Amino acid sequence: MMNVALARCLAKLCGDGHISPKYARYNNTCKALLSQFEKDLIEIFGEIHLTYGTVNSGTSFVQFQRRALIEFFFNYLESFGCNKIKIPKKVLEANIGIKLAFIGSFFDDEGCVGLRFSLSENAWKRNVNFYSNSYGILKEIGEILFSLGISCNRLRRNNRLKDDTWVLGITGRRNIFLFRKYVPLTHPMKQYILDLMVESYNATPSKNPVKFADLLNKLENKRDN
């Protein structure tokens, strides 16, 4: 039966995970996401044998090899290939909370939250983007977000990279506010920057110089840590 834990695990395997007939692995540098994957697996299957380690690049991973568990996940999605992934049918048929759990977990892996102040333009620059080689999964995500009143930008190729990456962007005060309200994120830095982004709309140097300076200081301190 589909639940939040299962939706998050499926999203992670679609994002920074890898699954084959021999093993399933979730790679990430964020301890909070690795821990969530482990806890969600235990919630679904009970106590299971998990392997922990790091790849050559130093990125940590959680892995399992049990065939029955691997087959369990393949029952929800035939292919986890980066250009073929989509939102599993059972997730699309579930309630909005489960759909958003999938979207939030996918964004934890494949999303970007950018906030900076442009001195030349004297304005905040903001970007909230999903990235994927799969056009289909981003289209489905955009449709679900639209049902909540969040209008996404038109899907486009990532011009900064010479690859097959698609970008689903979210801009505009209302859309960013609703995204922060509805989409549950676990990645600490992305949560923090998104919160600062929401604050930035009321923190311009001309209208509120004290709040602007405080926000800029928070942003710089977080980046230095």
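Predicted model: local features only at pLDDT ≥ 70, side-chain atom pairs only at ≥ 80, totals over all residues.

Me: OK, α1 to start. How many of its residues are buried?

Reply: 9 of the 11 residues in α1 (residues 4–14) are buried. Buried here means under 20% relative accessible area, exposed means over 50%, and partly exposed is in between (1.4 Å probe, protein chains only). Helices (H or I, at least four residues) and strands (E, at least two) are DSSP runs, numbered from the N terminus.

Me: Which ones, and what do they pack against?

Reply: The buried ones are A5, L6, A7, C9, L10, A11, K12, L13 and C14. They pack against β1 (17–19), β2 (24–28), α2 (31–45), α3 (67–74), α4 (89–92) and α5 (96–110); contact means heavy atoms within 4.5 Å.

Me: What caps the N-terminal end of α1?

Reply: N3 does, with a side-chain oxygen 3.3 Å from the backbone nitrogen of A5.

Me: And α5, what caps that one?

Reply: N95 caps the N-terminal end of α5, where a side-chain oxygen is 3.0 Å from the backbone nitrogen of G97.

Me: Is α5 largely enclosed or largely open?

Reply: Largely enclosed by the rest of the structure, because 12 of its 15 residues are buried. Among them are I98, K99, F102, F106, D108 and D109.

Me: What length should α5 have, and what does the model give?

Reply: At 1.5 Å a residue, the 15 residues of α5 should span 21 Å, and the end C-alpha atoms are 20 Å apart, which agrees. The expected span is 1.5 Å times one less than the number of residues.

Me: What about the span of α6?

Reply: Helix α6 (residues 135–147) has 13 residues that should span 18 Å, and its end C-alpha atoms are 19 Å apart, so that agrees as well.

Me: Where does N122 sit, and what's its phi?

Reply: N122 is in the loop between β5 (111–118) and β6. Its phi is positive, about 55°, although N122 is not a glycine.

Me: Switching topic: how do α2 and α3 pack?

Reply: At an angle of about 95°, with their axes 13 Å apart. Axes are lines fitted to C-alpha atoms, for helices over the stretch in contact, and angles run from 0 to 180 degrees between N-to-C directions. That makes α2 and α3 roughly perpendicular to each other. The classes are under 35 degrees for roughly parallel, over 145 for roughly antiparallel, 65 to 115 for roughly perpendicular, and oblique for the rest.

Me: Which residues make that contact?

Reply: L41, I44 and F45 of α2 with L69, F72 and F73 of α3. They divide into 6 nonpolar, no polar and no charged.

Me: Now loops. Is H187 buried or exposed?

Reply: H187 counts as buried, at 16% relative accessibility. It's in the loop between α7 and α8 (188–200). Leaving out residues up to four places away in sequence, H187 touches C30, L33 and D108. A polar atom of the H187 side chain also lies 3.3 Å from the backbone nitrogen of M189.

Me: And E47, buried or exposed?

Reply: E47 is exposed, with a relative accessible area of 70%. That residue is in the loop between α2 and β3 (51–54).

Me: Last one, P205. What does it touch?

Reply: Not counting residues up to four places away in sequence, P205 touches F117, N122 and F212. P205 is in the loop between α8 and α9 (209–224), and at 26% relative accessibility it counts as partly exposed.

Terms used:
Residues numbered from 1 in each chain as written. Heavy atoms only, no water. Polar contact = N/O pair within 3.5 Å; in protein donor to acceptor, adjacent residues only side chain to side chain. Nonpolar A, V, L, I, M, F, W, Y, C, P; charged D, E, K, R; others polar.
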